[in-house]
Amino acid sequence: MKLNEAFEYYKKFVLQKPKQISTEVGRWDIHIAPVLGAAALEEIKNLQIVQLRNCLESKKLSPQTVSHCLSLVRRVLHRAVEWELYAGPVPVFRMPKFDNRRLRFLSASEANLLLQTLHSQSELWHDVVLFALNTGMRAGEIYSLQSFHIDFQHKIAKIVDTKNSLSRMVPLNEGAMSVVQKYFRMSGSSYLLSQAQTRYYVFHDAVKKCRFNYGVTDRREKVCFHTLRHTFASWLVQNGTPLALVSRLLGHKDIRMTMRYAHLAPEQGQLAVSSLPYLRITPSCQERKPIVT
């Protein structure tokens, strides 16, 4: 069996969401199939993977894109073994190392500037950004939010079908509740804020007007919608919220993902150890004064 044929099975039985299908098929057709697609599964060894990686890097693709492509090949091969399409073994190969984490977050004045700019352009997008800053929800989670996901009595949003497949409860403060109540009354359908999805250019134009990305060449430092999620987390940590709670609110699968914010509250460690009981050092024998009789 050819690798392309194994991918067709993978696409049919594993890929489910439309966005996931388009992304993975695009990677396969553009970057993987031209190099390894026609190869038989038994022919794919470590050397062939190295050749694929070299080919990808020669295109000046980002380390993250290279990693995504290699990971996709590995997943297809593992499934092929699982489905007994070939005996294996799946070659072991190194993945590119990179730090693609976005650390940029908005100050309070920057957030207000963005909201003011959006208010003059789109009431909907102003409210979407206000909601994101108050909940830390991902863009897809906000667009997918439906009226029955809101527990008005307890002021909680139920987030399902998340990026990492972990459902969670997000508490809604006064600012977030005002947005939910407004669009619950206005919405003719069960989706509250999904209309913003087709007008992302409004947010992009507002960021441009605010000149947040002027002269910024490192994409990790550029302001995008995901910056609002980082802003939510960064403000919480700066205000003393424990990292474990921030991790739960963000829906992180691993608290190591939340540790990127630890540097924003260096005083928390000092405050923690300062709360321990004060114990004096017992003098050594040499330091004790002699007993006078």
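Student: In which sense do strand β2 and β3 pair, and over how many bridges?

Tutor: Some conventions come first. This is a predicted model, in which local features need pLDDT of at least 70 and side-chain atom pairs count only at pLDDT 80 or more, while totals for chains, interfaces and linings use all residues. Residues are numbered from 1 along each chain as its sequence is written, and side-chain values use heavy atoms, with hydrogens and water left out. Helices (H or I, at least four residues) and strands (E, at least two) are DSSP runs, numbered from the N terminus, and two strands pair if DSSP finds at least two bridges between them. Here strand β2 (residues 156-159) pairs with β3 in the antiparallel sense, over four bridges. Across this pairing, lysine 158 stands opposite methionine 169 in β3.

Student: Which strands lie at the edges of the sheet?

Tutor: The open sheet has three strands in the order β1-β2-β3, with antiparallel pairing. Its edge strands are β1 (150-151) and β3, each of which pairs on one side only.

Student: How many salt bridges are counted?

Tutor: A salt bridge is a side-chain nitrogen of Lys or Arg within 4 Å of a carboxyl oxygen of Asp or Glu. By this rule there are 12 salt bridges. One of them joins arginine 168 to glutamate 141, with the closest N and O atoms 2.9 Å apart. Arginine 168 belongs to strand β3 (residues 168-171) and glutamate 141 to helix α7 (residues 139-143), so the pair ties together parts 27 residues apart in sequence.

Student: Are arginine 168 and glutamate 141 buried or exposed?

Tutor: Buried means under 20% relative accessible area, exposed over 50%, and partly exposed in between (1.4 Å probe, protein chains only). Both arginine 168 and glutamate 141 are buried.

Student: What links arginine 75 and glutamate 24?

Tutor: Their side chains meet in a salt bridge, at 3.1 Å from N to O. This pair links distant parts of the chain: arginine 75 is in helix α4 (residues 63-82) and glutamate 24 in helix α2 (residues 18-37), 51 residues apart. Arginine 75 is partly exposed, at a relative accessible area of 29%, whereas glutamate 24 counts as buried at 6%.

Student: Which salt bridge does lysine 182 form?

Tutor: The side chain of lysine 182 meets that of aspartate 127 in a salt bridge, at 2.7 Å from N to O. Lysine 182 and aspartate 127 are both buried.
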